[in-house]
Amino acid sequence: MPESRAAGKILVLTDFDGTITLGDTLSMYLLFAVPVHRLLTGLISAVFRLGILWSGRQYTTEKAKEIVLSAFLRGETEKAMRQKGDQFCRTKLPGMLRSD
């Protein structure tokens, strides 16, 4: 999510329906920012936890996203996440934006 700070305010842009980007930026960010070993262990953890959530009929997209993000990003500092986010926005995101 590109973020701009002006006069102490934060603007966060999100693209829920693909009008700004060509694809899913969350998964691309995770592939960019998370080391391979954590991707593998996080995937196992997320699938297991999502299965439990689904079987208990407590599935919501909000809860699922929380599970996925915590599986891959748990233990990351805010500073490290900001640095990786800035780098992702500078190097990867421009190629994912729609030109039309």
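The model is predicted.

**The whole chain**

Begin by displaying the entire chain as a cartoon. Its secondary structure consists of 4 helices and 2 strands, and from the N terminus on these elements follow the order β-β-α-α-α-α. Of the 100 residues, 20% count as buried.

**Helix 2 and helix 3**

Two packed helices are described by the angle between their axes and the distance between the axes. Select helix 2, residues 36-55, together with helix 3, residues 61-73. Their axes are 8 Å apart, and the helices pack at an angle of about 155°. Angles over 145 degrees count as roughly antiparallel, and helix 2 is therefore roughly antiparallel to helix 3. The crossing of helix 2 past helix 3 is right-handed.

Next, show the side chains where the two helices meet. Helix 2 contributes R38, L39, G42, L43, S45, A46, R49, L50 and L53, while helix 3 contributes K63, A64, I67, V68, S70, A71 and F72. By class, this contact of helix 2 with helix 3 contains 10 nonpolar, 3 polar and 3 charged residues.

**Helix 1 and helix 4**

Now select residues 25-33, which form helix 1, and residues 78-91, which form helix 4. The axes of these two helices come within 10 Å and cross at roughly 115°. This angle makes helix 1 roughly perpendicular to helix 4. Helix 1 passes helix 4 in a right-handed crossing.

To view the contact, display T25, M28, Y29, F32 and A33 of helix 1 with M81, K84, G85, Q87, F88 and T91 of helix 4. The residues of this contact comprise 6 nonpolar, 4 polar and 1 charged.

**The largest nonpolar core**

In soluble globular proteins, nonpolar side chains tend to be buried together. Which residues make up the largest nonpolar core here? Select Y29, L30, A33, V34, L39, F72, L73, F88, L93 and M96, the 10 residues of this core. Helix 1 and helix 3 are the elements that give two or more residues to the core, and helix 1 supplies the largest share, with 3 residues.

**A last stop at L39**

Finally, centre the view on L39, a member of the core. When residues up to four places away in sequence are not counted, L39 touches L30, L31, V34 and F72.

Technical notes. Residues are numbered from 1 along each chain as its sequence is written. This is a predicted model: local features need pLDDT of at least 70, side-chain atom pairs count only at pLDDT 80 or more; totals for chains, interfaces and linings use all residues. Side-chain values use heavy atoms; hydrogens and water are left out. Axes are lines fitted to C-alpha atoms, for helices over the stretch in contact, and angles run from 0 to 180 degrees between N-to-C directions. Angles under 35 degrees count as roughly parallel, over 145 as roughly antiparallel, 65 to 115 as roughly perpendicular and the rest as oblique. A crossing is left-handed if the near helix is turned anticlockwise from the far one by less than a right angle, and right-handed if clockwise. Contact means heavy atoms within 4.5 Å. Ala, Val, Leu, Ile, Met, Phe, Trp, Tyr, Cys and Pro count as nonpolar, Asp, Glu, Lys and Arg as charged, and the others, Gly among them, as polar. A nonpolar core is a set of buried Ala, Val, Leu, Ile, Met, Phe, Trp, Tyr and Cys residues joined through side-chain atoms within 4.5 Å. Buried means under 20% relative accessible area, exposed over 50%, partly exposed in between (1.4 Å probe, protein chains only).
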